[in-house]
Amino acid sequence: METFVLLPPEAEGFVQSLKTFTLEDVGSAEWFKQHEIIEKLNMQAIISATTAVHDEFVKEVLVSHGKVAVLVHEMILIEVWKHKIFPILCQLQDFKPQNTFQLYMVMHHEATIINLLETIMFHKDSYEAADDSALDLLDYCHRKLTLLVSKVTREGDTMHDQIIETIITIIFSCQELQNHNTALEFGISLKALSVLRYITDHTDSISVINHMLCTHNIPCVLVQLISSHPWSRFKAEKYISDKWQEIPVEDQLKMTKVEGQVWIALYNLLLSENCQQKYEFNNYNKNQLLKLRGFLTEVLIDQLPALGHLQRFLSHLAVTDPAPPRKGLILEQIPVMWNHIVTQNKGKFKAIAKYQVKETFSPSDNELRKQAERLAQTYNLDVMESLLPDKPKCGSCGREATKRCSRCQGEWYCNRECQVKHWSKHKKTSCDYTPLFCCCCEFS
């Protein structure tokens, strides 16, 4: 059955309502309404992109109404908030919230937007619609890749979304929130890597190319990523479909989507004529790039044949000195969003944190419940299931499952027999009920 989070007219109305907020507004009631809108747009965009049943109308309306730049601004706004406001909140002695799920949802907002941008930036018209904010998006991606290279988020695991119907009972300390934020940053950084790859696919802007090659030296950053491979850990686990998965021995040489994004970005940058004319192949850059030859194995090239061209380019680079980059007077744009937000609020960060403690992150029980109810409608289970990359598996036999425990909503079974067989184990972990055929164990 086809699932819609939003119908096209609803999506258009929501997109038209998108606007930029100030740092002080983060977490307010009006901000949360827009957060819910962006969550719905993100879910519908994923459904449209993965099912191919209907047009990607979310992408179309974001482009036609010029709202891609608004998404970039709001994402960077939360990035600034996490760097400048959240640490102050955690240090305030009078900040002792009984429930901090609002803070977590603010952190999660950045992940939602980068996920939406990853979905729509596959298309060139989305990149073109970003207009001047493309440089700000590139700067954002560079900051996230720097985190990956420095291994700040290396050990972080993803924080799986909790069922919002129980969100009121979830209580985190500030330290726990900081840990969750570190874990969340890992997933965000890998999404930013995909967005960077799409920028290398589409851009012909001299300013963007110059920023990638000369300002940030993105090729060398990508070489460092290949060398450190933060998407692999413990020799047998890889980060696939937003979670760590144990890889069988026979599949350990298979390229993951994340690895593919890095190699494609390198291919686009190093083999593009515009980039070759702009990039300075000095001794440092040349030595860094030649490290890639050790990773370009026959197995890798068989999976992505275009890398054969990259291998030949590197072999030629090893024995020649490329022509120096073309020099000339260039009038280029510069990214402004991060600096504008920081400069606009310079000296006000502590005052904003104190204001948010009093007015934003200390809601009454009634306000908290209403907010949780709205989020529960946004994250309804039928929609969340349609977003899963893999079909549910039976908790007993492991085969594809179509029926779910109606009480815990978390365990799946392929038939009644498997449910009964698995009951003794399932009862202890999820459904704390004594009768074997109680209402909680019927299928939904």
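**Entry 1: burial and surface**

How many of the 444 residues of the chain count as buried? I looked up the share: 49%. Buried here is under 20% relative accessible area, exposed is over 50%, and partly exposed lies in between (1.4 Å probe, protein chains only). I note that this is a predicted model, where local features need pLDDT of at least 70, side-chain atom pairs count only at pLDDT 80 or more, and totals for chains, interfaces and linings use all residues. Residues are numbered from 1 along each chain as its sequence is written, and side-chain values use heavy atoms, with hydrogens and water left out. The chain's accessible surface is about 22000 Å² (Shrake-Rupley, 1.4 Å probe). Carbon and sulfur atoms hold 51% of that surface.

**Entry 2: elements and contacts**

I found 22 helices and 5 strands. These are DSSP runs: H or I of at least four residues, E of at least two. Next I checked contacts, meaning heavy atoms within 4.5 Å. Of those between residues at least 6 apart in sequence, 76% join residues at least 24 apart.

**Entry 3: core**

The largest nonpolar core has 116 residues. Its members are buried Ala, Val, Leu, Ile, Met, Phe, Trp, Tyr and Cys residues joined through side-chain atoms within 4.5 Å. W81, L89, L117, L222 and W263 touch the most other members. Helix α6 (residues 101–120) gives the largest share, 12 residues. I followed L117: leaving out residues up to four places away in sequence, L117 touches V68, L71, V72, M75, L137 and V195.

**Entry 4: sheet**

I traced an open sheet of 3 strands, ordered β1-β2-β3, with antiparallel pairing. Pairing needs at least two DSSP bridges. β1 and β2 (residues 237–240) share 2 bridges. S232 has K238 in β2 as its bridge partner.
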